[in-house]
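User: I'd like a close look at one part of this model, the place where two of its chains meet. Could you walk me through it?

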Amino acid sequence: MLNFFQARIRHGYQAIPDPLTVGIDSAFPGLPELAEDADLTLLNELCPTKAFEDDGLDLGRCIFCGLCSRKYPEMVTFTPNYKMAADSRQKLIMAPGQRTLPRMDFVLPRQFRYSFALRSVSAAGCNACEMELGASNNVNFDISRYGVDIVASPRHADALILTGPISHNMADALSETWHAIPEPKYLILCGTCAISGGLFAGSEAIDRAFLKHWQPCLYIPGCPAHPLSIISAIVSIMRGSK
Amino acid sequence: MMNSDLLYSPTLESAQPQKLDSFLDRIGELINGGYQPLAFFGTDEKLIYALMGRPQELELICTAFPASSQYPSLTPEFPAFHIFERELYEEYEIVPLNHPWLKGLRHPSHGAVKFEDYPFFKSDSRLIHEVGVGPVHAGVIEPGHFRFLMQGEIVEHLEIQLGYQHRGLIGLLCDGPLISKMPLAETIAGDTVIGHGTAFCRLVESLAESSPEANDIRILLLEMERVAMHLSTLSALAGDVAYIMSQNLFAALRTTVINATLSICGSRFGKRALCVGGVNYPLNKTLIDTLKVKMQKCAVQIKYTSEAMFASNSLLSRFDDTGKVSHEDALRFGFTGISAKASGVAVDARADYPIWAYPGFEVQTVASGDVYARAYLRYKEIMQSLHIIQEVLEQIDPAAPIQAALKELVPGKIAISIVEGARGRIVHIAKSKDADKALWYRIIDPSLTNWQALAMAVAGEQVSDFPLCNKSFDLSYCGSDL
Amino acid sequence: MSIGILILFIALIPALWKRSDYFVILWILGSSFLAYEYMEVLYSRSVQDFILVMPPPVGSVSIALNKLSAFFGVIFALGLPVGMFYGHFYLKEHPIDALRSHLFWLGVMGLSMHCLLWIRHSLIFLMFWELMSLSSFFCVLFSKRSNREAGLNYLITMQVGAAFLIAGFAMAYNQSGTFDFSGFEKMNTLPMYLILIGFAFKAGIFPFASWLPQAHPVAPAHVSGIMSSMLVKTGFYGILLIISINPFSLLEIGFFCLVFSISAFWAVCHLLSERNLKRVLAYSTVENVGIAGLGVCAGLLGLQANLPNMAMLGFTGAFLHLFFHSIFKAQLFYSSGNILSATGTLDIDEMGALAKRMPYTAVMTLIGIMAISALPLTNGFISEFTIFKAMFEAPAAAHLSQLMPGLMILAVLAFIGALAIIAFIRIYAIVFLGSPRSAAAENACELRRGLRLPIAVLSLAILLPGILPNIALRFVKPLIRWFGLDMKHFAFLQFQALQISYVYLILLVLFAVFYIVRKLLVKEKRGATWACAYPRVTPRMQSSSITYIQPLAYFLKPFMYKKSRRVKEEEVFATKVEYDEQHLDAVWEIIVRPVSKAISRFLLLFSRIHNGKTNSYIAWGLAFLVILLVWVVGFR
Amino acid sequence: MINILSIIFFPLLFMGIIHRVKAIMVGRKGKSLWQNQRDFFKLLQKDEVLSQSATIISRMAPALSLAATITAALFVPFLSTKAVLSFRGDFILVMYLFTLSKGIMALAAMDSGSSFQGMGTSRELSFTAFLEPAFFLIIAALILSVGAGSLSAIFALQNVVSAGIWNVFASLFIAIALYIILLVESCRVPFDDPATHLELTMIHEVMVLDYSGFSLAVIHYTGALKIFIYASLISHLIIPPYSSAVWYLLVLAIVYIFTGVLESLMARFRMNRNLELVLVPLSIAMLTLTILLVLNTGVW
């Protein structure tokens with residue numbers, strides 16, 4: 001018992017004071033910025049997920065592998081800004097010269113302002129996003145401080161947070177879970193795989209029909225999405241982004 | 001510190017197709033000679049390969065598909081083959097006769113067996129009821145279905161149905177130039193990025209017969225990954241028995257470690273760190289020093305926390321004698337990594353098939369084979385890895401080149417790379433088709449073989465101890481489902 | 001004697017013509033007469049009796065009622081016709097060839113039960129006692145198939161019991177020189193205990209109770225209902241008869257406490273693990289008799305330690321419990337009859353989800369279950385509440401020796417109560433909730449109105465005194481006064497009963513409010529039960545009956561006598577897993593069965609006599625009594 | 001009146017204390033003190049999804065269980081020592097009201113026909129078997145020592161500082177026994193882990209796995225109220241008779257804080273060992289009883 005307190009005291013106070021404003025290691029590849037004169041086709045050649053469209057870089061497809069920024073540092077730079085999230089697919093596209101993602105209009109109803117329960121479903125995720133989602137509720141990031149809870153039963157949940165590209169074998173289970181959540185309910189996509197299928201978009205073992213029927217209210221890009229991104233995104237739809 | 005191409009080109013003449021029965025006999029001989037099956041699979045060139053290995057030695061043999069597309073199963077004699085033969089059956093509909101457990105494995109949509117009508121093992125007696133857990137588990141966990149046959153609260157039998165994570169990764173690996181598949185290799189198991197990444201790189205490099213740079217940085221990342229994984233498992237174990245103190249302490253420590261990884265490559269899991277031929281990001285002097293300090297502090301912290309944890313009675317009463325795996329079973333089924341080492345089987349790719357010399361490395365094992373063993377072993381390995389990390393950090397030369405120039409693949413070459421990931425022995429084996437594509441590519445994640453260990457461990461236990469056992473193995477779903 | 005009895009005699013005539021409808025009507029008629037009579041006795045007249053002079057050695061037979069017998073009389077007069085009514089429809093559900101004899105013996109059984117209460121002469125009493133045992137035996141022999149052994153064992157057990165009675169009565173006769181019950185006052189220890197044991201056989205008290213769980217499952221629902229809710233009470237009536245007129249030492253009371261505690265505990269252990277629905281109910285009868293007995297013990301203890309309040313509460317509790325038990329136990333047996341008719345099985349592991357298929361029975365049974373596990377809002381709670389209160393008076397006792405038994409009973413009662421609740425929640429959940437475990441349960445459907453009406457009536461009889469306890473208290477009041485117990489505290493108890501009713505009012509209002517608010521606020525949607533999103537859930541994925549008690553079984557192992565069979569074969573992988581277990585009644589397996597086997601083997605010598613003709617059975621029964629008579633007289 | 005108010009406002013608030021303590025112990029920011037209320041009101045505004053196999057029982061269970069618990073609470077002394085209702089022997093009714101609320105919830109849990117809920121129910125029910133006798137014996141012991149007849153009176157009169165060293169022991173023992181009962185009844189560590197996310201290991205949580213929205217809110221509140229009742233009893237047991245509300249709140253807070261600390265420092269038991277521990281209050285009660293017997297009846 002005593003050596004516990006010892007360990008605990010050496011351990012000190014671990015929680016990040018404020019995940020919404022805390023700085024992050026400059027090595028972290030956050031929100032990318034494209035130079036005005038970025039040659040998108042050239043970049044698209046390089047990109048493993050072909051995330052560069054005619055009007056910019058689609059964060060929903062980008063896996064932040066940094067290939068482009070290493071090869072053409074003058075065209076693409078990944079800033080350590082972890083605040084990446086959007087409430088619609090289009091808003092995820094970073095046009096050349098764009099500095100930030102457009103502001104989110106979507107805000108949850110009042111009752112969810114300080115209490116929001118998530119049911120996570122991993123549909124063929126590679127377990128990186130899953131671990132980051134778990135981490136966002138650990139002692140350091142501690143999303144529970146905002147009243148966000150990751151619950152066991154979908155009956156207790158307000159939202160389904162999906163990770164992974166949705167494998168064929170997982171499709172049924174996913175919709176089962178979605179239907180088990182009582183109204184009003186929301187769908188959150190966490191990680192590039194969930195948003196666009198990422199690297200697996202082309203695979204025949206993937207079945208993304210579910211997303212045809214249900215409209216997500218929040219997209220959190222990243223491969224995997226960083227806990228800080230997840231937290232800031234979720235809090236911003238709870239309380240409205242400042 | 002690299003004695004490189006040891007073991008990278010197994011005697012290729014032995015990879016000439018043999019007669020089926022001589023092939024089977026050979027396998028028998030090898031196993032009696034102390035070999036373990038590392039891989040056993042069919043390929044589109046209508047060949048069945050068997051990669052057999054024992055410390056410092058590898059042998060690759062193969063045979064043509066049997067005409068009758070069936071052959072006497074190896075499993076009854078050598079259980080270690082059971083999962084491989086299921087794979088073979090599923091992918092090429094080659095039936096291993098009197099295989100005791102011939103069911104689907106990953107259930108690809110075009111597979112031999114449908115996912116819906118998976119034949120679960122059943123019991124007729126009324127007093128045995130079933131409990132099905134998954135695919136959507138209560139926590140933030142990957143999907144998999146566990147079917148218990150229960151006598152009251154006691155587990156009579158556990159059957160594990162996987163395949164929910166199957167996302168057709170192999171197929172994707174094989175179309176397109178292999179070198180561009182690095183990001184894909186990193187998602188084989190997102191928590192073993194470096195493990196699989198290294199294996200992939202080494203494979204491609206030896207297919208291209210080029211030798212990479214910056215191995216020491218790879219070692220560093222690999223060991224850091226190991227530390228991080230073990231920490232998260234320890235944290236989860238503590239969490240499962242509601243021991244929130246250590247749960248949170250370990251979680252915090254993991255964060256420190258993976259943030260250190262982030263400071264190297266920008267990803268907490270070491271994604272984008274590796275590339276064929278070396279690594280993407282150099283280590284400068286200051287970073288090395290900060291890492292030294294960080295890891296040093298971590299080591300002290302971990303020591304304190306673990307000692308406190310392993311001294312707490314209420315926790316030990318949960319860990320001791322829970323979920324035992326016997327030494328014999330571990331050998332028979334050819335488990336690897338923690339699952340084997342915790343039952344006193346000293347298998348560790350770092351010792352058996354070293355890709356780098358680890359000076360003074362000896363395999364850590366614990367004998368008892370229960371949850372405690374697996375937990376405590378993790379602690380021991382963490383300490384060992386932290387030691388290695390310090391050594392590596394000493395040796396890293398910031399000025400050294402980090403990437404070797406890439407050569408083209410040698411067509412028709414078979415290469416093997418074996419890496420000890422956090423979960424155990426990772427085997428990648430591939431054959432190059434032409435200058436840049438692979439003809440076939442095989443990934444054997446340690447979890448694939450180790451799931452059986454979990455099934456055996458919980459038989460006869462209280463069902464309420466299952467989550468604990470499960471965590472103590474901490475196996476990868478996506479790694480085995482691919 | 002009364003006109004009621006006469007009518008019941010007449011009722012036997014339609015029975016012989018297989019006209020069960022007239023039979024029932026006559027029974028209802030006669031019983032209402034009788035009920036009126038008993039009530040009259042209970043409230044106004046002290047006793048009503050006349051002497052019937054018979055040739056020696058029988059001598060003058062006093063036929064009389066006192067408050068006690070009247071009390072039981074009311075129970076019978078109200079309970080029996082309901083049973084007969086239910087039986088009428090039950091027999092329609094399960095037609096039998098031997099309808100005539102069944103009805104006849106049914107009538108005889110009821111009659112003899114009533115007559116017992118009137119007779120105050122040991123020989124004649126014995127005669128009716130025998131008649132009752134015999135007739136009930138023939139009633140148990142319902143379908144020819146399975147139940148021969150059980151029935152025969154039952155008969156033999158009863159005869160052994162009777163033997164004790166005979167011996168006891170004989171000795172009492174030698175001592176007092178009269179056959180009249182007045183001779184029982186202040187009798188010696190030995191005969192008294194012989195008689196008590198004799199009655200204990202009928203009352204279903206532990207070492208002698210093994211016949212109950214064996215006989216009930218094979219008997220038709222109405223018979224087992226009547227037997228365990230009323231026939232058993234005759235035994236208790238006898239015990240009270242003795243207790244009411246004999247003083248007891250503290251030691252003896254302690255001993256009674258022990259016996260009843262063990263009896264109830266033994267029963268509840270089996271209750272927990274039993275899988276046969278009717279057997280469960282049979283065990284619970286033993287348990288409830290035990291509880292009532294503990295109430296009596298509390299009463300005696302109160303008298304001993306001159307705590308008038310405790311004494312009053314104890315006896316009140318006991319009487320209430322006897323009365324209420326006869327209601328909810330009958331109700332549950334009839335419900336089980338309906339379940340049997342609907343599913344064709346009694347094994348609870350074959351049932352499940354009946355609540356969806358027979359909602360009516362489900363609700364009724366829920367009420368019965370609540371009553372039998374003494375949950376508030378039902379009558380069962382009131383009686384146990386009273387007994388508990390009696391125990392909590394114990395701390396006022398002057399002496400440790402008087403206090404200890406009280407506290408012991410308290411602990412035991414609480415423990416037993418809790419276990420019973422668990423047991424019955426388990427039963428109800430497995431039978432009515434979840435999803436069907438077998439095709440039989442799948443295709444079950446609600447039964448005809450006639451089979452539901454009696455249950456409805458009884459449910460009402462459960463709830464009414466449950467919510468307004470004063471009704472029941474008024475009913476036992478004269479009895480309490482007759483026992484010369486403290487009326488002042490009784491008045492207080494009545495006041496408290498009123499308070500409880502108010503508390504219930506609050507409870508119900510609150511409940512209604514929350515329920516309605518929910519109704520108004522909430523939009524409901526239906527979805528599959530959450531099973532981790534596994535789409536192909538099967539009914540086998542719900543706990544079997546042993547799961548619910550396993551945590552407890554781990555503790556009660558020493559008290560549970562079970563045979564289990566576990567098979568697990570595996571080569572590399574499991575090839576076969578099986579498990580089966582049976583919870584058996586140790587007393588039955590080890591003692592009763594062998595003995596009765598021996599006896600029946602002995603009886604086979606007279607197999608010529610055992611020719612299956614009912615009249616010859618009577619002949620032998622009577623002959624037996626004549627012999628007995630001669631013996632007794634010779635003794636003198 | 002003041003008691004009714006405390007029934008309404010305190011339970012959820014005090015549950016918050018446990019969260020705070022745990023958070024502080026492990027060094028995280030943690031949930032807010034008001035989180036429970038927030039969740040409660042959020043749930044009230046959500047719809048419900050009911051299992052297909054659910055019958056009327058599932059629908060009425062939460063309401064009935066709450067009604068029963070509140071009715072029971074009316075007999076308990078809270079902020080004011082004088083309970084709203086009380087009569088001689090009311091504790092029997094209280095205990096049985098608890099049982100009613102638990103019983104109906106158990107039925108509701110098994111109504112859904114899921115195997116997890118079957119397990120959870122059997123585990124939770126098996127506790128009651130030993131708790132009821134324990135509770136009754138405790139009451140009997142208290143009656144012995146103070147001779148009062150109703151719950152509120154008993155717990156108001158009994159206290160540590162009253163005369164006699166034995167009484168001190170007695171009431172301390174009883175406090176411990178009651179505290180264990182509290183832990184079991186409210187399914188907290190070491191018996192159950194309210195924070196666990198694993199169906200197979202849950203006890204109470206798994207019973208409500210299929211409830212949502214309003215019903216879930218009601219269930220949470222009922223659970224909180226139950227803890228609150230036991231905690232209040234303990235606190236009244238400790239403080240001097242008819243002392244100021246400040247004392248009461250102080251001790252109450254201490255009880256909750258202690259729970260939080262305990263949960264941070266202890267692992268939960270293996271499932272089949274739980275029952276052994278549930279026996280502890282029973283044995284403590286018996287011990288106390290004997291002490292008091294010796295005391296009051298003055299044998300030897």
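In what sense do strand E3 of chain C and E1(D) pair, and over how many bridges?

Analyst: Bear in mind that this is a predicted model. Strand E3 (residues 524–527) of chain C pairs with E1(D) in the parallel sense, and the pairing runs over 4 bridges. Within it, Ser51(D) of E1(D) has Gly527(C) standing opposite.

Now for the contact around that pairing. Chain C puts in 62 residues and chain D 61 residues. On the chain D side, the elements giving two or more residues are strand E1 (48–51) together with helix H3 (56–73), helix H4 (90–111), helix H5 (115–146), helix H9 (213–238) and helix H11 (271–297). H5(D) supplies the largest share of that side, with 16 residues. Sort the residues of the chain D side by class and you get 35 nonpolar, 20 polar and 6 charged.

While we're on chain C, there's a helix pair worth a look too. The axes of helix H14 (residues 359–372) and helix H16 (residues 400–432) of chain C come within 10 Å and cross at roughly 170 degrees. An angle over 145 degrees counts as roughly antiparallel, so that is how H14(C) and H16(C) run relative to each other. From H14(C), the contact uses Ala362(C), Thr365(C), Leu366(C), Ile369(C) and Ile372(C), while H16(C) brings Phe424(C), Tyr428(C) and Phe432(C). By class, this H14(C)–H16(C) contact has 7 nonpolar residues, 1 polar and no charged ones.

Conventions: Residues are numbered from 1 along each chain as its sequence is written. Chains are lettered from A and ligands numbered from 1 in the order in which they are written. This is a predicted model: local features need pLDDT of at least 70, side-chain atom pairs count only at pLDDT 80 or more; totals for chains, interfaces and linings use all residues. Two residues are in contact if their C-beta atoms, placed from the backbone, lie within 7 Å. Ala, Val, Leu, Ile, Met, Phe, Trp, Tyr, Cys and Pro count as nonpolar, Asp, Glu, Lys and Arg as charged, and the others, Gly among them, as polar. Two strands pair if DSSP finds at least two bridges between them. Axes are lines fitted to C-alpha atoms, for helices over the stretch in contact, and angles run from 0 to 180 degrees between N-to-C directions. Angles under 35 degrees count as roughly parallel, over 145 as roughly antiparallel, 65 to 115 as roughly perpendicular and the rest as oblique.
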